[in-house]
Structure formats: C-alpha cells, structure tokens
Amino acid sequence: MAHSDDVQTLLARAADDLEMVLSMRALALGADQIFGFLAQQCVEKAAKAWLIQLGVQPDWTHDLRKLLPQLVNRGLVDRSEAEEFVELNRFAVEFRYGPAPRPGLIDRSIVADGVNRFFESARAACRLPTE
C-alpha cells in the first residue's frame with residue numbers, strides 16, 4: 001500500500017470507530033467496555049495515520065503509550081490530552097478479555113468529545129476532506 005493509501009485507510013477505519021463511539025454516546029447503547037474499546041481504536045488508528053503522514057513508521061502496537069508521545073514530542077498533541085487517551089488502553093486489553101469495568105468508570109461524553117477532536121486534528125493534519 002502506498003503512503004497516502006495507508007493514511008486514507010487508517011483514517012477511514014478510525015472514522016468508522018468514531019461513528020460508533022458518537023452513536024453509542026448519543027443513544028446510550030452498548031457496554032462500556034465496547035465503547036472504550038472503539039474509542040481506543042479510533043485514537044490508535046488516527047495516531048498511526050498522523051505519524052505516517054509525518055513520515056514516521058509507527059510501531060506495530062495497540063499501546064497508546066508508545067504512539068502518542070511521538071505526537072506530543074512534536075508539539076502536535078497536548079500532553080494532558082494524550083495521558084487521558086492512554087487510559088483507554090485498559091479497554092483495548094484488560095476489559096476486552098477480562099472482567100467488565102465497574103459502572104461509571106468511563107464518562108462517555110468527555111471521551112467521545114476528546115476522541116472526536118483528536119480524530120479531526122489528525123484528519124486536518126493529513127489534509128483529507130471532511131465527509
């Protein structure tokens with residue numbers, strides 16, 4: 001896959017995840033572990049697309065602790081926002097395969113808004129049109 005194809009594919013898949021995150025928030029649907037997993041996936045894919053656009057080959061990882069600092073260190077993402085996204089790692093592994101999180105662990109409104117902002121920043125940085 002060519003560089004721009006990788007970026008477009010990752011952002012398209014991130015957009016799919018974001019659509020579900022926003023729908024789950026609006027309609028109060030689904031389990032928190034699924035909501036958190038999709039939020040984590042959106043950030044992961046958008047971060048990888050952004051890094052590729054910058055000419056960086058991202059690590060083959062789902063760990064946001066390894067991906068987001070590369071954007072923070074370039075001044076593209078706020079450190080505190082990145083630290084909040086890192087909390088979503090638990091939904092990609094721990095809660096994906098283990099016991100469900102306690103109710104109220106994730107604030108869907110705050111997470112959905114943050115993930116949406118991050119995705120839009122990545123899309124703008126990659127110069128792809130909005131839908």
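A crossing of two helices is called left-handed if the near helix is turned anticlockwise from the far one by less than a right angle, and right-handed if clockwise. By that convention α1 passes α7 in a left-handed crossing, where helices (H or I, at least four residues) are DSSP runs numbered from the N terminus.

The structure is a predicted model, in which local features need pLDDT of at least 70 and side-chain atom pairs count only at pLDDT 80 or more, while totals for chains, interfaces and linings use all residues. Residues are numbered from 1 along each chain as its sequence is written, and side-chain values use heavy atoms, with hydrogens and water left out.

## Two helix pairs

Two packed helices are described by the angle between their axes and the distance between the axes. Axes here are lines fitted to C-alpha atoms, for helices over the stretch in contact, and angles run from 0 to 180 degrees between N-to-C directions. Angles under 35 degrees count as roughly parallel, over 145 as roughly antiparallel, 65 to 115 as roughly perpendicular and the rest as oblique.

The axes of α1 and α7 come within 10 Å of each other and cross at roughly 155 degrees, which means that α1 is roughly antiparallel to α7. Contact, meaning heavy atoms within 4.5 Å, is made on the α1 side by residues including Leu-11, Ala-14, Leu-18 and Arg-25, and on the α7 side by residues including Arg-108, Ala-112, Val-115 and Phe-119. The residues of this contact between α1 and α7 divide into eleven nonpolar, two polar and four charged; in this division Ala, Val, Leu, Ile, Met, Phe, Trp, Tyr, Cys and Pro count as nonpolar, Asp, Glu, Lys and Arg as charged, and the others, Gly among them, as polar.

The helices α2 and α3 pack at an angle of about 45 degrees, with their axes 10 Å apart, and so α2 is oblique to α3. The crossing of α2 and α3 is left-handed. In α2 the residues Gln-40, Val-43, Glu-44, Ala-47, Lys-48, Trp-50 and Leu-51 meet Leu-64, Leu-67, Leu-68, Gln-70 and Leu-71 in α3, and the residues of this contact divide into eight nonpolar, two polar and two charged.

## The nonpolar core

In soluble globular proteins, nonpolar side chains tend to be buried together. A nonpolar core is defined here as a set of buried Ala, Val, Leu, Ile, Met, Phe, Trp, Tyr and Cys residues joined through side-chain atoms within 4.5 Å. The largest nonpolar core of this model has 40 residues, and those with the most contacts inside it are Leu-68, Leu-88, Val-115 and Phe-118. Five helices, α1 (3-27), α2 (32-53), α3 (64-72), α4 (79-86) and α7 (108-125), each supply at least two residues of this core, and α2 gives the most to it, with twelve residues.

Leaving aside its neighbours within four places in sequence, Leu-68 is in contact with Val-43, Ala-47, Ala-82, Phe-85, Val-86 and Phe-118. Val-43, which is found in helix α2, touches Leu-64, Leu-68, Phe-85, Leu-88, Val-115 and Phe-118, not counting residues up to four places away in sequence.

## Individual residues

Burial is judged by relative accessible area, with buried meaning under 20%, exposed over 50% and partly exposed in between (1.4 Å probe, protein chains only).

| Residue | Relative accessible area | Class |
|---|---|---|
| Val-43 | 0% | buried |
| Ala-49 | 0% | buried |
| Gly-114 | 6% | buried |
| Thr-61 | 13% | buried |
| Ala-28 | 63% | exposed |

Ala-49 is found in helix α2 and, not counting residues up to four places away in sequence, touches Val-7, Leu-10, Leu-11 and Cys-126. Ala-49 and Thr-9 are 40 residues apart in sequence and 8.4 Å apart in space, C-alpha to C-alpha.

Gly-114 is found in helix α7 and touches Glu-81 and Phe-85, with residues up to four places away in sequence again not counted. The C-alpha atoms of Gly-114 and Ala-39 are 9.5 Å apart in space, while the two residues are 75 residues apart in sequence.

Two further residues of the table belong to loops. Thr-61 has its place in the loop between α2 and α3, and, not counting residues up to four places away in sequence, touches Glu-44, Lys-48, Lys-66 and Leu-67. Ala-28 lies in the loop between α1 and α2, and has a positive phi of about 50 degrees although it is not a glycine.
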